[in-house]
Amino acid sequence: MGATTTDPIPLLTPYNMGKFKLSHRVVMAPLTRTRSYNNVPQPHAILYYSQRASQGGLLIAEATGVSDTAQGLPDTPGIWTKQQVEAWKPIVDAVHAKGAIFFCQIWHVGRVSNSSYQPNGQAPISSTDKAITSNDQQQFTAPRRLRTDEIPNIVNDFKLAARNAIEAGFDGVEIHGAHGYLLDQFMKDKVNDRTDEYGGSLENRCRFPLEVVEAVVNEIGAERVGIRLSPFAEFAESGDSNPNALGLYMVNALNKYNILYCHMVEPRIIVTFDPVETPHCLEPMRKAFNGTFMVAGGYNRQDGIKAIAENRADLVVYGRWFISNPDLPKRFALNAPLNKYNRETFYSSDPVIGYTDYPFLE
């Protein structure tokens, strides 16, 4: 018998991610939307996330600050205060009411910030005291290099944020180790110019991110922990001279902690988030990692089907298409046309326009 139209689409087949039973493999990416006024999640996020939740679907919440030094953009949510934890609860409840699984991405921006976002107008913290030089949108303040004895405090901030996420009802956390933010600033040799045990060798540069992983695993359990990595990306001037070695070192080290998943950004994604040609691929990291392997980076429906069919990933993460198509898994199932997204409203502060007003299929 040849294939019939009823044969399951690989992207829409069930998958067991640890104890979580997913009904399909279309994951909502963590997407900064700058609508959490004063760093507190807002009631309009209840509708936004629940619109995008499906039975057995996995959603990853937008990058959420672990402390008052973690911020670098307007109106991004946090999870370090009681008020923030309470504000997340109805959002998480609404996602769970739709039968979906919800992880919170916990985040520290490091030097991708300026003093106006920092407590008492202080300098942002980083692995280095080198400033980010170029950006049209944003002025960056030169960071202050973290002292060796301060690093355990930041590890503790991640640990407490993870505990708070579980208290808010999230199913787990994704540690943000990508895109030139604080953990990436330690991993990448084009940024990290330290001479202590957190700088120099690959092992030393990965020490802090792995201490964060260990602390979070010990706090909430490995079966609730994922991480996002982008060894190939050069966002915020955070590049590495040997991204293949960095990615492989990290996944092998992560295996020791038995974490639930690794969420990797494709090498083809450059600063504009648009795909480019590249000789690099995630295959070696996919093969080396023991847990669930998710990929992100400019995927469309056909790319996603192919990635699953060719066993290059277990799950495929979608960002922009999930912004404009709240019912994305259903549209993929039916091969229905997609709503176009409007970049102009990605980071605006309107609680409705470009946020909860994209139409569903009839």
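Colleague: Which residues in H7 do Pro 209, Leu 210 and Val 213 in H6 meet?
Modeller: This is a predicted model, in which local features need pLDDT of at least 70 and side-chain atom pairs count only at pLDDT 80 or more, while totals for chains, interfaces and linings use all residues. Residues are numbered from 1 along each chain as its sequence is written, and side-chain values use heavy atoms, with hydrogens and water left out. Helices are DSSP runs of H or I with at least four residues, and strands are runs of E with at least two, numbered from the N terminus. With contact meaning heavy atoms within 4.5 Å, the partners in H7 of these three H6 residues are Tyr 249, Met 250, Ala 253 and Leu 254.

Colleague: How many residues of the contact of H6 with H7 are nonpolar?
Modeller: Nonpolar covers Ala, Val, Leu, Ile, Met, Phe, Trp, Tyr, Cys and Pro, charged covers Asp, Glu, Lys and Arg, and the others, Gly among them, are polar. The contact of H6 with H7 has no polar and no charged residues, and its nonpolar residues number seven.

Colleague: Are H6 and H7 roughly parallel or roughly antiparallel?
Modeller: The axes (lines fitted to C-alpha atoms over the stretch in contact, with angles from 0 to 180 degrees between N-to-C directions) of H6, residues 207-220, and H7, residues 243-255, come within 11 Å and cross at roughly 25 degrees. That makes the two helices, H6 and H7, by the scale on which under 35 degrees is roughly parallel, over 145 roughly antiparallel, 65 to 115 roughly perpendicular and the rest oblique, roughly parallel.

Colleague: Within what distance do the axes of H1 and H2 come?
Modeller: H1 spans residues 44-51 and H2 residues 82-97, and their axes cross at roughly 25 degrees, so H1 and H2 are roughly parallel to each other. Ala 45, Ile 46, Tyr 49 and Ser 50 in H1 meet residues in H2 including Trp 88 and Ile 91, and this contact has eight nonpolar, one polar and no charged residues. The axes of H1 and H2 come within 8 Å.

Colleague: Is Asp 314 buried or exposed?
Modeller: Asp 314 sits in the loop between helix H9 (301-309) and strand S12 (315-318), where it touches, among others beyond four places in sequence, Tyr 15, Arg 25 and Arg 286. Because its relative accessible area is 10%, on a scale of under 20% for buried, over 50% for exposed and partly exposed in between (1.4 Å probe, protein chains only), Asp 314 is buried.

Colleague: What is the relative accessible area of Thr 141?
Modeller: Thr 141 belongs to the loop between strand S6 (125-126) and strand S7 (144-145). Thr 141 is partly exposed, with a relative accessible area of 23%.
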